[in-house]
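Hi,

Here is the structure I promised to pass on. Have a look at it first, and then read my notes below.

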Amino acid sequence: MATTKSSKSQKVYFFGNGKADGNRHMKDLLGGKGSGLAEMTNAGLPVPPGFTISTEVCSIYYDQKGHIPTPIDKAISENLKRLEKVASATLGSSSNPLLVSVRSGAKFSMPGMMDTILNLGLNDEAVEGFKARTKNGRFAYDSYRRFIQMFGNVVLEIPKEAFEHEFDAVKKSAGARQDTDLDEAALRQVVDRYKKVVRDRAKREFPQNPREQLQMARDAVFRSWMNPRAIEYRRIYDIPDHIGTAVNVQMMVFGNTGDRSGTGVGFTRNPATGKKEFYGEFLINAQGEDVVAGIRTPQPIRELEQVMPKAYKQLREITTRLEKHYKDVQDFEFTIQDERLFMLQTRSGKRTGYAAVVIATDLVDEKLITPKEAVLLVDPESLTQLLSPGFDPDEWKKIPTVTTGLPASPGAASGQVVFTADEAVEWTKQGKQVILVRRETVPDDIHGMFVSQGILTATGGMTSHAAVVGRQMGKPSVVGAGGLEIHDSAKVFKVGGQTVREGEFISFDGLTGEVKIARVASRPSEILQVLNKTLPPKKSDIYQRFERLLTWADKFRRLGVRANADQPDQAELAYAFGARGIGLCRTEHMFFGEGRIPIVQRMILAEKEADRRRALSELLPLQRDDFYGVFKGMHGEPVTIRTIDPPLHEFLPKREELMVDIARMEALNQKGPELDEKRRVLARVEQLHEFNPMLGHRGVRLGISYPEITEMQTRAIIEAACRCAKEGFSVVPEIMIPLVGIVKELKDQKAIVDRVAAEVMKEQGVKVKYLVGTMIEVPRGSIRADEIATEAQFFSFGTNDLTQLTFGFSRDDIGKFLRVYQDKKILEKDPFATIDTEGVGDLVRIGVERGRKTRADLKLGICGEHGGDAASVHFFHTVGLDYVSASPYRVPVARLAAAQAALATRVGD
Ligand code: PEP
Ligand code: MG
């Protein structure tokens, strides 16, 4: 946990009576919920009063091993007094008791991951006071038994079943069919039995002192920050562990006092499609968590208009106001107590990537936000959802729909049925694609949801756990498919007279909610169809919006965005995605092209230079044509071509396979040229064998040992450029030497490049401009960047190798221990996915500073995988690079992230 600020600073923040200590800008301290409650209170909206214990207290709780210092306890008592005054009720009073909820609320929303306690303050005396005040003994005792159950489970860690068992016993003896059939006397019995459960299981009496209840509940919420599912959630969403949760203590309002009460959640726009429509659900006569828990299927929010028109109208007015105020879609929670509306939460609504783009462009059209604000409103990562596949409509139509559920999160999902999250993980490890089918999902299912192709549930609404989490993960999800009859233990579900077993294939469409029993092929996203010119842009609304948003982004960014591509079609696609240049063309990928491997092998097996040159001259026209295609595909934008990088043995057959073949041939006495050739190849493979190829004979080291390879590659590049020039198409190739750590390495290679380039230009009678530079991917390269820049006209940081060599973590083997490192909090993130700004990042910074000291106009880029990672792009912007280069599909992410970096705001902050 982070060290906390001075204990003198405020730790508890009050809200109530139209005034709050906090506001919307204090999410770090108050959490999302606390800051929203403060902001709504200040805006004069109907919010039940309360106070927020800040996230700093959570840090103190962990720093001091569960002890909260007296001054903070005192501040809590003072705020409690203030709350009692505003609420005109007293905690634990036998005549007019105050009841409170105690709820978690971190800076980033973590739906259902942490704990909540409702109805706190009830005890044997207060329940009588509550009965007197509400004139409803049944309601009072039902509230009390709910409180003991929740407190017993969350705070005292008694399994829910222990309480459910007692509840069912009373129901049975009373002959009740529904929970609501129990009268006050029966509920009193339940309370007594629950208290006994506490006594037996927790070895203590149920605490009667409300102040003690509050303290215990507060600490339980702090503890829930570190429960396994919350930790897993943070790992998936890259939420730091040290930020902690706030605790909100708020006066209870009741949605379960009868048919004139209710509770609900909603969005100001559709979070799945982005459509401008009032969206959400409510339950009549229900308390808080019933809606999100997905246990009862709620009614659509529009139906509230018929049931309670006044409250509905007020809710619409308030939420419209909130959307305007926050300039973003709001996700809200409300309770209606005896027709009186209370707002319990407002926050920016989580949405699919699709909806994010629709909403951002709509809000600009509605003049609610500017294009700059629209650019900041979309999470760059979510754009990848728009590029994911859908079903081929013709194939989809052929298969009958067995049931239709609620379309909670768009996308095409097809896979084998599994019934538990653990199985989903297990089967995925075996390389299978699965769909997780559950009656309803619970926060503990998160790991299974994460690996599944899609999530299908039988109950729950559009804001149930499965829906909310599915949308956020960008997983296709269909929920509340009531036609499904799930038999977990038998591992089957029945639907429309058919039985589907574990392992059978099903498919569903997250945009329509249709479910089918079959494996259905999917097809590319609409945006890809437009980019591949199979769909006219005018016919795709989402393409037009995507394009508008990214065009706005381009206006704000300083960083250039290039792509890593080594085929003409990849270059075309990258260009269509908005890349303006290739940051890395890996020429060895061209060696793997069709029919080329035998030539490459001949080149490697050659014992004499003359033989090697002969093989290289066969490769020359092939490489030249590739380069020409790539230049054309990039429409004259700069193209960085890297000379060969991997060790030569990668192009030869595997040692073990050769040995087996030879042994077999010898055993069968198959003598002849084939066996001789195999033996020759094996001898060369053994000669080239390295114990650690990643640190071996690769990169510039190859070019130095075999200068004829660099010569051939330079010739191919310059000949292709000359051909372009002759066609009136100008390109400036950037020839890049990999893995340089010593300036003399680069000097050696540069001399070859310059010599061959001059020869080719003379032969061709054409002059073309070209640059020679290097990759900075060896730590020594960064440290000696000033020296290296005397030879290099540009640097491209190879952050894959730079990460590998800085940490000493193998790129290929980190998977074996990364998880343990993350679990033990030694590393928060995978450094191969998001740049380690402190270590590797420092080497980049040093490389930039020292390189530019020698050569002020040194061109600087990055071509490691980090170029397509939004957080890393922010860093590269800050450190002053000229461009990032990402894989073609991540180019839109990089464009948007670069704009956000320039606007110096991070989404979610
Ligand atoms: C790098 O090391 O970052 C890089 C881009 O090169 P490669 O991944 O080909 O080693
Ligand atoms: Mg590299």
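First, the ground rules. This is a predicted model, where local features need pLDDT of at least 70, side-chain atom pairs count only at pLDDT 80 or more, and totals for chains, interfaces and linings use all residues. Residues are numbered from 1 along each chain as its sequence is written, chains are lettered from A and ligands numbered from 1 in the order in which they are written, and side-chain values use heavy atoms, with hydrogens and water left out.

**Helix pairs**

Helices (H or I, at least four residues) and strands (E, at least two) are DSSP runs, numbered from the N terminus. Axes are lines fitted to C-alpha atoms, for helices over the stretch in contact, and angles run from 0 to 180 degrees between N-to-C directions.

Start with H22 (residues 597-605) and H23 (residues 609-633), whose axes lie 8 Å apart at an angle of about 150°. H22 and H23 are therefore roughly antiparallel to each other (angles under 35 degrees count as roughly parallel, over 145 as roughly antiparallel, 65 to 115 as roughly perpendicular and the rest as oblique). H22 passes H23 in a left-handed crossing (left-handed if the near helix is turned anticlockwise from the far one by less than a right angle, right-handed if clockwise). Which residues of H22 meet H23? They are Ile599, Val600, Arg602 and Met603, and on the H23 side they meet Arg612, Ala615, Leu616, Glu618, Leu619 and Leu622 (contact means heavy atoms within 4.5 Å). Seven residues of this contact of H22 with H23 are nonpolar, none polar and three charged (Ala, Val, Leu, Ile, Met, Phe, Trp, Tyr, Cys and Pro count as nonpolar, Asp, Glu, Lys and Arg as charged, and the others, Gly among them, as polar).

H23 also packs with H27 (residues 707-726), at about 35° and with axes 8 Å apart. That crossing of H23 and H27 is right-handed, and the contact has 13 nonpolar, two polar and ten charged residues.

H31 and H33 (residues 840-854) pack at about 120°, axes 9 Å apart, again in a right-handed crossing. H31 brings Thr799, Leu802, Thr803, Thr806 and Phe807 to the contact, and H33 brings Val840, Leu843 and Val844. By class, that contact of H31 with H33 has five nonpolar, three polar and no charged residues.

**A pocket**

H31 turns up again in the second largest pocket, where it gives the largest share of the lining, three residues. On a 1 Å grid over the protein atoms alone, a cavity is a set of points where a 1.4 Å probe fits but cannot get out, a pocket is an open set with protein on both sides within 12 Å along at least five of seven lines, and lining residues have an atom within 4 Å of a point. Of the 34 lining residues, Pro646, Pro647, His649, Glu650 and Pro693 lie nearest the centre of the second largest pocket. The lining divides into twelve nonpolar, eight polar and 14 charged residues.

**Cavities**

How many cavities of 30 Å³ or more are there? The count is three (grid points are joined across faces, edges and corners, and a volume is the space filled by probe spheres set on the points). The largest cavity is about 130 Å³, and among its 14 lining residues Arg103, Leu118, Met252, Val253 and Leu344 lie nearest its centre. The second largest cavity has about 40 Å³, with Gly864 and Arg890 among the residues lining it.
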